[in-house]
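Subject: Handover of a structure and notes on it

Dear colleague,

Please find the structure below, together with its sequence. My notes follow it, and I would be grateful if you read them with the model open.

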Number of protein chains: 2
Amino acid sequence: MKTLIKNAWILTMDQALSTYPQGMLMMEDDQITYVGDYDALLAEDADEVIDAMGGLLIPGMVNTHAHVSMIPFRSLGDDCPDRLRRYLFPLEIECMNASLVYEAARYGILEMQRSGVTTFLDMYYFEEEVARACDEMQMRGVLGETVINFPTCDCEEAYGGLDYSENFIRNWKSHELVTPIIAPHATNTNDASALKAAHEIAKTYDTLISMHVAEMDYEMKEFRENYNMTPVEYLDSIGVLSDRLVAAHCIHVNEHDMKLMAARGTSVAHCVGSNMKAGKGISPIKEMVQHGITVGLGTDGPSSGNTLDLFTQMKTTVYAQKTHYKDRSLFKAEEILKLATIEGAKVLKMDEKIGSLEVGKKADLVLIETNSVNMFPIYDPYSAIVYSANASNVDSVWINGVRVLKEKQSIFNQQEIKEALMQEMKIFKQRAIERSKEL
Amino acid sequence: MKTLIKNAWILTMDQALSTYPQGMLMMEDDQITYVGDYDALLAEDADEVIDAMGGLLIPGMVNTHAHVSMIPFRSLGDDCPDRLRRYLFPLEIECMNASLVYEAARYGILEMQRSGVTTFLDMYYFEEEVARACDEMQMRGVLGETVINFPTCDCEEAYGGLDYSENFIRNWKSHELVTPIIAPHATNTNDASALKAAHEIAKTYDTLISMHVAEMDYEMKEFRENYNMTPVEYLDSIGVLSDRLVAAHCIHVNEHDMKLMAARGTSVAHCVGSNMKAGKGISPIKEMVQHGITVGLGTDGPSSGNTLDLFTQMKTTVYAQKTHYKDRSLFKAEEILKLATIEGAKVLKMDEKIGSLEVGKKADLVLIETNSVNMFPIYDPYSAIVYSANASNVDSVWINGVRVLKEKQSIFNQQEIKEALMQEMKIFKQRAIERSKEL
């Protein structure tokens with residue numbers, strides 16, 4: 001099956017940032033076979049022709065940090081201090097179960113696809129269920145079961161996530177769209193032996209490891225007091241700061257931390273919306289990039305960042321960096337779109353396969369329409385995407401060659417997915433409301 | 001004509017922040033006649049019944065600072081330092097004309113209405129044309145002609161805006177939707193006598209006066225060097241810091257400035273998106289509010305903030321304040337929605353008429369649908385609006401009792417408005433592209 005997209009303003013996000021204002025892209029099944037100017041001869045070859053109507057065609061966006069099944073928490077206690085320990089942990093232990101994780105994952109995946117996210121890194125419980133949802137919904141997922149120092153909703157023992165992970169990784173290792181990894185919760189919610197064990201599993205099965213790092217004020221204090229080290233230095237001291245590590249947040253990192261991370265090849269999932277909403281601070285990604293650290297963007301869970309799209313994250317990232325350094329010219333729009341696409345793919349070590357529109361890569365594509373009122377005029381297409389667009393401008397999305405969104409309509413039944421989630425959420429919702437009243 | 005909206009989750013934004021989860025609102029022509037729980041008897045009286053389907057009904061949003069006719073600049077040179085003097089001023093002088101201002105105003109008004117903005121304060125040239133567009137498009141506008149110390153696209157003489165303003169104010173003084181004001185450009189682009197003259201005009205005709213204040217680094221330096229004062233102190237020293245003044249931006253204000261502003265009753269249009277994109281800094285609105293200064297939100301021009309909706313501004317405002325003060329509990333979602341509605345109305349001294357849903361006020365209403373994927377679940381409706389929603393969630397908008405947006409369709413012909421604008425933009429666009437190449 002050869003599908004042709006014509007009349008597209010193509011932003012390839014390749015090394016040279018090649019663009020084709022009247023571009024054409026051909027895909028054969030799951031692979032991109034041509035990107036360039038319109039080629040009439042080649043076009044004759046297509047089984048299906050799609051007119052992009054001058055829309056912007058970009059690589060599928062890569063969300064490098066999420067807890068997609070936390071949809072049931074959205075809009076609960078948003079402005080409450082220490083929400084993690086007051087709302088999230090207790091409700092998770094009490095009310096999360098396999099069915100709820102599955103239904104919430106389906107809902108969140110639908111939401112991400114609608115907004116142009118084609119790949120996401122997830123860290124949660126019952127990760128088998130998230131994998132099943134990805135498999136059913138044609139979503140590219142890099143999925144890690146949480147490892148943490150207390151009993152959880154899916155493991156009766158502390159650190160039960162270690163065993164879960166080994167099984168999980170074996171089960172999904174050769175799946176086309178699902179890439180299993182391991183995900184210790186954070187530096188301060190795992191002891192050294194658990195972190196080392198998780199890292200060993202990652203080495204054994206050749207996977208990534210993802211973790212919250214240097215996010216919390218109290219985390220910083222704890223490591224200073226207990227070890228006279230930063231969390232990053234601590235991770236390095238136990239051999240876990242490696243090129244397998246995707247460190248989420250990294251708000252509180254100093255010069256020495258960044259040098260260490262660069263030397264070890266550790267990459268960063270920058271979650272600016274979540275960080276700013278919680279008043280935690282702004283991660284110094286300008287310096288990280290200068291140090292040669294690979295940085296991608298992450299939405300965090302829909303409880304923390306409330307939206308699962310990268311448009312909000314791109315705009316907030318550029319606002320935050322320009323303001324933090326008082327420099328309007330910092331992070332030009334094209335550099336921000338790189339973070340959301342090819343750099344995100346590099347964070348996940350998938351840049352051979354996705355992240356840019358190049359021949360031989362997987363057909364993960366996003367078409368952004370330019371008819372809506374907010375998308376005119378366009379002198380600079382990167383600017384239009386970063387500063388003007390929102391998730392509702394996404395017209396079509398292909399993942400691995402399959403069109404999952406067509407003219408803003410998902411191929412999945414949104415109403416059915418929502419109703420199934422509402423059904424599974426009943427007890428959760430009741431307890432969530434009770435907890436709000438208790439606090 | 002009596003119109004009933006039923007089955008709405010009504011957020012009145014009145015003094016007590018009353019809400020009606022299964023609410024009903026009745027309007028008679030341009031006025032709200034009932035807000036409360038469903039009343040079957042009263043409902044019988046309606047000529048037209050609209051089912052809000054559980055959507056969120058809020059007051060029309062108030063954009064307290066815009067240059068709506070700058071649509072032609074959007075996405076041009078966004079990341080370029082000192083863009084104002086390198087792009088905006090030269091292109092305005094060379095290419096702006098009455099027809100372009102009119103067509104761009106129509107386009108921008110359409111965009112604002114679609115996003116739930118029902119009132120805006122505008123500052124630009126050919127303001128007669130913006131007024132005409134408001135009149136034709138049922139938009140509530142508080143409009144000020146620019147006064148500036150050089151010849152402009154609509155005045156051959158420096159400070160020609162003073163005369164223009166007097167005529168403009170006389171022409172529109174008694175219009176139902178248009179409120180004419182006067183708008184000196186900034187503290188550093190007007191001399192003292194022009195600022196005083198503008199203020200006298202405002203007093204004579206009992207209007208507001210709006211101006212950019214304490215926005216630029218070089219403005220701060222200039223006032224320190226020339227007067228050993230801040231711009232705010234300077235305005236006070238010449239008698240212009242009054243309760244008529246809507247000061248836009250106010251990024252660089254100190255404790256003494258805020259005390260002065262509070263004492264004089266000066267209000268502030270906070271334009272966080274524009275300020276952060278330009279790397280200028282974050283205005284200390286937490287302290288302003290503590291000092292008793294009235295603060296509203298502004299998008300600034302679509303060249304500066306790129307979008308004309310207040311959803312982006314609400315979210316960015318709350319992110320910026322929580323981060324700046326490292327306090328998650330600061331500016332709860334309901335306080336942010338207040339800034340976008342009733343506080344904005346107070347900034348414009350229109351809170352007797354608009355800004356909340358109360359009996360006797362004008363029927364300026366926004367219905368936000370909750371069916372879209374990003375709007376579920378909702379524990380806290382303010383949270384959903386501030387942290388989750390975007391402009392595309394606006395379903396319906398009424399201004400002065402007239403429904404200008406119905407199920408996401410404008411009553412105005414978007415295609416016609418865009419084509420007319422494109423026609424008028426031809427020379428502008430050519431010169432804009434040439435200028436990009438020169439710079």
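D82(B) counts as exposed, because it has 12 C-beta neighbours inside 10 Å; a residue is called exposed if 12 or fewer other C-beta atoms lie within 10 Å of its own, buried if 20 or more do, and partly exposed in between, with C-beta atoms placed from the backbone. Its phi is near 45°, a positive value in a residue other than glycine. D82(B) is found in the loop between β6 (61-66) and α2 (83-95) of chain B; helices (H or I, at least four residues) and strands (E, at least two) are DSSP runs, numbered from the N terminus.

This is a predicted model, in which local features need pLDDT of at least 70 and side-chain atom pairs count only at pLDDT 80 or more, while totals for chains, interfaces and linings use all residues. Residues are numbered from 1 along each chain as its sequence is written, and chains are lettered from A and ligands numbered from 1 in the order in which they are written.

Further backbone features

N7(B) also has a positive phi, of about 60°, although it is not a glycine. This residue belongs to strand β1 (residues 2-11) of chain B and is partly exposed, with 16 other C-beta atoms within 10 Å.

A cis peptide bond is found in each of the two chains. In chain A it runs from F376(A) to P377(A), with omega near -10°, and P377(A) is in the loop between β14 (365-368) and α15 (381-388) of chain A. In chain B a cis bond joins F376(B) and P377(B), with omega about -10°; P377(B) lies in the loop between β14 (365-368) and α15 (381-388) of chain B.

D243(B) sits in the loop between α8 (231-237) and β11 (245-249) of chain B. With 12 C-beta neighbours inside 10 Å, D243(B) counts as exposed. Although D243(B) and T266(B) are 23 residues apart in sequence, their C-alpha atoms are 4.6 Å apart in space. Neighbours within four places in sequence aside, D243(B) is in contact with R264(B), G265(B) and T266(B), where contact means that the C-beta atoms of two residues, placed from the backbone, lie within 7 Å.

Chain A as a whole

Chain A has 16 helices and 17 strands. Its C-alpha trace spans about 65 × 50 × 45 Å along the principal axes. Of the 439 residues, 61% count as buried. Among contacts in chain A between residues at least 6 apart in sequence, 72% join residues at least 24 apart.

All 8 of the 8 residues of strand β7 (residues 117-124) of chain A are buried. Strand β6 (residues 61-66) of chain A pairs with β7(A) in the parallel sense over 4 bridges; strands are said to pair if DSSP finds at least two bridges between them. N63(A) has F120(A) as its bridge partner in β7(A). β7(A) also pairs in the parallel sense with strand β8 (residues 140-147) of chain A, over 6 bridges, and there M123(A) has G144(A) as its partner in β8(A). The chain passes from β7(A) through helix α4 (residues 127-137) of chain A to β8(A) in a right-handed β-α-β crossover, that is, one whose path from the first strand over the helix to the second runs clockwise with the strands pointing away from the viewer.

Is α4(A) enclosed or open? Because 8 of its 11 residues are buried, α4(A) is largely enclosed by the rest of the structure. The buried residues include V130(A), A131(A), A133(A), C134(A) and M137(A), and what covers them includes α3 (98-114), β7, β8, α5 (161-172) and β9 (178-184) of chain A. α4(A) is followed by Q138(A), with a positive phi near 60°.

The contact between the chains

49 residues of chain B are in contact with 49 residues of chain A. On the chain B side, the elements that give two or more residues include α3 (98-114), α12 (310-324) and α17 (426-438) of chain B.

Yours sincerely
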